[in-house]
Amino acid sequence: MSCLMVERCGELLFENPDQNVKCVCMLGDVRLRGQTGVPAERRGSYPFIDFRLLNNTTYSGEIGTKKKVKRLLSFQRYFHASRLLRGIIPQASLHLLDEDYLGQARHMLSKVGMWDFDIFLFDRLTNGNSLVTLLCHLFNTHGLIHHFKLDMVTLHRFLVMVQEDYHSQNPYHNAVHAADVTQAMHCYLKEPKLASFLTPLDIMLGLLAAAAHDVDHPGVNQPFLIKTNHHLANLYQNMSVLENHHWRSTIGMLRESRLLAHLPTEMTQDIEQQLGSLILATDINRQNEFLTRLKAHLHNKDLRLEDVHDRHFMLQIALKCADICNPCRIWEMSKQWSERVCEEFYRQGDLEQKFELEISPLCNQQKDSIPSIQIGFMTYIVEPLFREWARFTGNSTLSENMLSHLAHNKAQWKSLLPKQHRSSSGGSGGGSPDHTDHGTENEEQTVTEDVAP
């Protein structure tokens, strides 16, 4: 049994995975290296911020301590130590649902394939454990536990790791968002044009990638990390910074939990690489790349889902759709998600203003209204992708339902625009001049690059 090498802040530790580790305090950047040699970031790997950039003379007296800034940046578990690694048994049992809400939550799970599934209600019924509960259920119903001979306790431990590594105080990028994306992915995996070709490995990859695609998200976007000279931006050379971090963190948790340790090495290497390919596809800056490729496939009618590469490409598209499907939900849920993501934008803008940084596009609460942001998002990002997804599915019932919700929700946001914006749009763009005027290519690029923290 090989040892696991952990690098952290210039210190080297050597652990045997089979040993009972009493306590491991992870500080700063944490990297795991296993037999495959693929770098992985471990739980609690909250990198250092360059406080010299933020600690300018104007606000140096207000900042106080580095801890305060870290809290403002929403790295709330900077000195978090893994409960599982410390050998502490969770107080809650492995029962998936609280007894008081067992019946209601179980009833909801029986309808998990319905598009009107209310993830907010489900999260309340499961006492904030929607991601763990949903994934355990889906792994079971898809037969993945039996097919891959997964240990249920180990699976539960891994999913708890994933759920805990989402930042609960993020208004949008939290475990509920991950559960919502996972439920959407489940719906897409059931589409007749895709379902008949999927292997158990495809299904497991799709669900795992959906669950972990935003893990350890700091609540700020890539441009913020770049302009604050953040460690992760330097590590990944300003390319898909957050997505790379989500992927490497997921690999770290898979190895730490030893969920797939019983599988052949070649298979686990392939799983890790494919998970990376799926998670990296969610980078919004690659939207046009994937959309252009999808359009070409559909135009040429050359998608062969019997081929593993074409099948993987459609899994990437499905995950991209699931990640931005909020505008395609019913209005009541879509509106909640819109308000949450804009609140996250505004928090970043307030932080940038406080430290005299340039306020990122869409993050200025005084200039960027929720309706204008959402109309731009729907127009430039969501509609083009979901129109092509509908073409792929042959205008399935689900696709038509989603496009119907999308049109309705866009009309709702247009009705909520300030009067001056509605009149200036002339009925064509429906958004503010800053972000949703259809006439300028630069504005489309702004929405594409800065639509999500």
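A cavity, as I use the word here, is a set of grid points over the protein atoms where a 1.4 Å probe fits but cannot get out, and a lining residue has an atom within 4 Å of such a point.

**Entry 1. Cavities**

I note at the outset that this is a predicted model. I took up the second largest cavity, which holds about 30 Å³. Which residues line the second largest cavity? I listed Thr282, Ile284, Gln287, Lys320, Asp323 and Ile324. By class, I sorted this lining into 2 nonpolar, 2 polar and 2 charged residues.

**Entry 2. The chain as a whole**

I counted 22 helices and 4 strands in the protein chain. The chain has 453 residues, and I found 58% of them buried. I then looked at contacts with a sequence separation of 6 or more: 73% of these join residues 24 or more positions apart.

**Entry 3. Nonpolar cores**

I looked up the largest nonpolar core and found 108 residues in it. Those with the most contacts inside this core are Trp115, Phe139, Tyr188, Met314, Ile317, Phe386 and Trp389. Which helix gives the most to the core? I recorded helix H19, residues 370–393, which supplies 11 residues. I also noted a second, separate core of 11 residues, with Leu225, Ala233, Tyr236 and Leu357 among them.

I went back to Tyr188 and left out residues up to four places away in sequence. Its contacts then include Trp115, Phe386 and Trp389, three residues that are also on the list of those with the most contacts inside the largest core. Tyr188 also touches Leu194, Ala318, Cys321, Ala322, Cys325, Leu398 and Met402.

I checked H14, which runs over residues 241–257 and has 17 residues. From first C-alpha to last, H14 reaches 24 Å, close to the 24 Å expected at 1.5 Å a residue. Is H14 mostly covered or mostly open? I found it mostly covered, with 17 of its 17 residues buried. Just after H14, I noted that Arg258 takes a positive phi of about 60°.

Next I took H15, residues 265–280, with 16 residues. H15 reaches 23 Å from its first C-alpha to its last, close to the 22 Å expected. Its buried residues include Thr268, Ile271, Glu272 and Leu275. I found that the buried residues of H15 pack against H11, H14 and helix H17 (308–323).

Gln274 sits in H15, and I looked at it separately. I put Gln274 down as buried because its relative accessible area is 13%, under the 20% limit for that class. Leaving aside neighbours within four places in sequence, I found Gln274 in contact with Leu201, Leu205 and His312.

I located Glu352 in helix H18, residues 331–354. Why does Glu352 count as buried? It does so because its relative accessibility is 0%. I noted Phe224, 128 residues apart from Glu352 along the chain, with the two C-alpha atoms separated by 8.4 Å. Phe224 is also among the contacts of Glu352, once neighbours within four places in sequence are left aside.

I then went to Leu305, in the loop between helix H16 (287–300) and H17. Leu305 counts as buried because its relative accessibility is 7%. Leu305 and Ser196 are 109 residues apart in sequence, and I recorded 9.3 Å between them, C-alpha to C-alpha. Not counting residues up to four places away in sequence, Leu305 touches Lys193, Leu194, Phe197, Asp310, Arg311, Met314 and Phe392.

**Entry 4. Positive phi in loops**

I looked up Lys149, in the loop between helix H7 (144–147) and helix H8 (152–164). Its phi is near 50°, a positive value in a residue other than glycine. I listed Lys149 as exposed because its relative accessibility is 65%.

Asp216 lies in the loop between helix H11 (200–212) and helix H12 (222–227). I read its phi as near 65°, again a positive value in a residue other than glycine. Is Asp216 buried or exposed? I put Asp216 down as buried because its relative accessible area is 3%.

Note on methods
Residues numbered from 1 in each chain as written. Predicted model: local features only at pLDDT ≥ 70, side-chain atom pairs only at ≥ 80, totals over all residues. Heavy atoms only, no water. Helix = DSSP H or I, 4+ residues; strand = E, 2+ residues; numbered from the N terminus. Expected span 1.5 Å × (residues − 1). Buried < 20%, exposed > 50% of the residue type's maximum accessible area, 1.4 Å probe, protein only. 1 Å grid on protein atoms, 1.4 Å probe; cavity = no way out; pocket = protein on both sides within 12 Å on 5 of 7 lines; lining within 4 Å. Points joined across faces, edges and corners; volume = space filled by probe spheres on them. Nonpolar A, V, L, I, M, F, W, Y, C, P; charged D, E, K, R; others polar. Core = buried A, V, L, I, M, F, W, Y, C linked by side-chain atoms within 4.5 Å. Contact = heavy atoms within 4.5 Å.
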